[in-house]
Amino acid sequence: MDITIPALLRLGHATHCKRCLTGLPASQVETDPFKLALAFYCLGSLDLTGQIGSETTKESDKELWREWIWAQQTSGPSGTGFRPGPYMSVPGEHDNVYAETSESAPQLIMTYTALLSLAILRDDFSRLDRPSLISFLKACQKEDGSFSVEPYGGDADLRTMYCAFAISKMLDDWSGVRLDDALGFIASCRTYEGGYGQIPFAEASGTLSVTGGPTYCALASVFLADRGNQLTESEVRQTVRWAILNQEPSGGFRGRTSKATDACYSFWCGASLTILASKALVPETSVASYISSCQFKFGGIAKGPNEHPDPYHTYLSLAAVALYPPSESAGGSSWLLPPLDPLLNATQDTMKWATEHIRISN
């Protein structure tokens with residue numbers, strides 16, 4: 001039976017993300033921990049929908065976004081990186097110099113999203129302090145091989161590990177990573193199911209659970225370091241089986257066993273299968289079919305049907321569609337998005353720009 005999928009509301013999703021970028025430097029207090037990540041989800045969505053290079057996005061807006069991102073680059077005793085965004089405090093002359101315990105210290109996740117955001121905006125990276133960025137990576141790695149989110153501590157799990165690996169890949173320099181220790185930490189997070197927890201022996205609930213997110217981070221990290229051959233054939237089969245079993249008949253993926261589907265896992269699980277060369281096991285139109293049910297009629301994509309949209313789920317849903325486009329006969333041309341690099345989680349054009357302009361030899 002032929003399946004027809006409603007059109008992808010590309011312009012509406014782009015408009016939703018542009019609205020979320022409006023007034024970005026003056027974001028409210030509750031957005032402090034993730035303003036720079038929010039910018040990445042919005043800019044990534046514009047990149048995937050073809051809006052960044054089009055006449056619908058003004059050059060003056062792109063320059064404003066570039067300058068705001070660069071304003072978050074901060075340096076200190078442990079190196080240079082990017083902070084989440086300006087905090088709701090009185091500006092001072094030392095805003096871009098952090099102390100070891102300062103709330104303006106750079107964070108690994110924000111540094112990864114800042115670099116990709118600037119690549120989306122085709123910045124030349126002339127202001128990037130590459131040697132000091134390597135020092136920042138070294139300062140974040142702990143004795144057990146994991147990476148803390150900040151030089152002086154904070155969360156240390158597979159999310160921060162992935163960001164450190166992605167930054168090293170873009171720099172084309174791995175001197176900031178004790179690679180064998182890091183790979184040992186990743187292996188210790190593997191579970192009997194074939195997925196990965198955020199940390200070793202992660203409990204089966206809460207944010208440290210075994211889900212598609214940390215599983216993607218583990219696999220992408222290993223392959224970014226060109227160590228995919230360290231996974232045995234049996235381990236690959238087990239992980240593929242785990243990911244496939246988490247796809248529901250609706251076409252959506254759940255994050256872990258016996259939980260509800262969520263649009264973001266269409267990317268986390270779908271990209272994991274792509275990395276393991278098993279995307280053919282996902283039915284051709286299933287991903288787009290589920291994503292179409294999560295679209296908000298005025299723009300944006302939600303975690304599930306009849307939920308409120310947000311930039312995070314909008315971007316990851318579009319990224320999943322870029323990896324798993326439906327046939328044109330099923331979805332029409334609206335679903336055809338630029339090809340995505342599953343390891344850096346960016347369009348191939350943006351990935352190429354990043355690797356050519358960020359590398360340490362520049």
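Helix H6 is followed by Asp-172, and the phi of Asp-172 is positive, near 55°. Helices here are DSSP runs of H or I with at least four residues, strands are runs of E with at least two, and both are numbered from the N terminus. The model is predicted: local features need pLDDT of at least 70, side-chain atom pairs count only at pLDDT 80 or more, and totals for chains, interfaces and linings use all residues. Residues are numbered from 1 along each chain as its sequence is written, and side-chain values use heavy atoms, with hydrogens and water left out.

**Positive phi values**

Most residues other than glycine have a negative phi. Arg-122 has a positive phi, near 60°. Arg-122 sits in the loop between helix H4 (108–120) and helix H5 (130–140). Asn-345 also has a positive phi, near 60°. The place of Asn-345 is the loop between strand S7 (340–341) and strand S8 (346–347).

How buried or exposed are these residues? Buried means under 20% relative accessible area, exposed means over 50%, and partly exposed lies in between, with a 1.4 Å probe and protein chains only. Arg-122 has 31% relative accessibility, so Arg-122 counts as partly exposed. Asn-345 has 4%, so Asn-345 counts as buried.

**Helix H6**

H6 covers residues 158–171. Its 14 residues should span 20 Å at 1.5 Å a residue. The expected span is 1.5 Å times one less than the number of residues. The end C-alpha atoms of H6 are 20 Å apart, which agrees.

Why is H6 described as largely enclosed by the rest of the structure? Twelve of its 14 residues are buried, so the structure around H6 encloses most of it. Among the buried residues are Leu-158, Met-161, Tyr-162, Phe-165, Ile-167 and Leu-171. Thr-160 and Ser-168 are buried too.

Asp-157 is found in the loop between strand S4 (153–156) and H6. Asp-157 counts as buried because its relative accessibility is 2%. Leaving aside neighbours within four places in sequence, Asp-157 is in contact with Phe-147, Phe-185, Gln-198 and Ile-199. Contact means heavy atoms within 4.5 Å.

**H6 against H7**

Two packed helices are described by the angle between their axes and the distance between the axes. H6 and H7 pack at an angle of about 145°, with their axes 11 Å apart. The axes are lines fitted to C-alpha atoms over the stretch in contact, and angles run from 0 to 180 degrees between N-to-C directions. Leu-158, Met-161 and Phe-165 make the contact from H6. From H7 come Leu-179, Ala-182, Leu-183, Phe-185 and Ile-186. The residues of this contact divide into eight nonpolar, no polar and no charged. Ala, Val, Leu, Ile, Met, Phe, Trp, Tyr, Cys and Pro count as nonpolar; Asp, Glu, Lys and Arg count as charged; the others, Gly among them, count as polar.

**Salt bridges**

How many salt bridges does the structure hold? There are ten. A salt bridge is a side-chain nitrogen of Lys or Arg within 4 Å of a carboxyl oxygen of Asp or Glu. The table lists some of them.

| Salt bridge | N to O distance |
|---|---|
| Asp-155 and Arg-159 | 3.6 Å |
| Arg-227 and Asp-180 | 3.7 Å |
| Arg-254 and Glu-248 | 2.3 Å |

Arg-227 forms its salt bridge with Asp-180. This pair links distant parts of the chain, 47 residues apart. Arg-227 is in the loop between helix H8 (212–224) and helix H9 (233–245), and Asp-180 is in helix H7 (residues 179–188). Arg-227 is partly exposed at 23% relative accessibility, whereas Asp-180 is exposed at 57%.

Asp-155 is partly exposed, at 48%. Its partner Arg-159 is partly exposed as well, at 33%. In the pair of Arg-254 and Glu-248, Arg-254 is buried at 13% and Glu-248 is partly exposed at 27%. Salt bridges that share partners also join Glu-59, Lys-62, Glu-63 and Arg-66 into one network.

**Around Ala-139**

Ala-139 lies in helix H5. At 26% relative accessibility, Ala-139 counts as partly exposed. Which residues does Ala-139 touch, not counting residues up to four places away in sequence? Ala-139 touches Ser-78 and Pro-151. Ala-139 and Gly-79 are 60 residues apart in sequence, and their C-alpha atoms are 7.7 Å apart in space.
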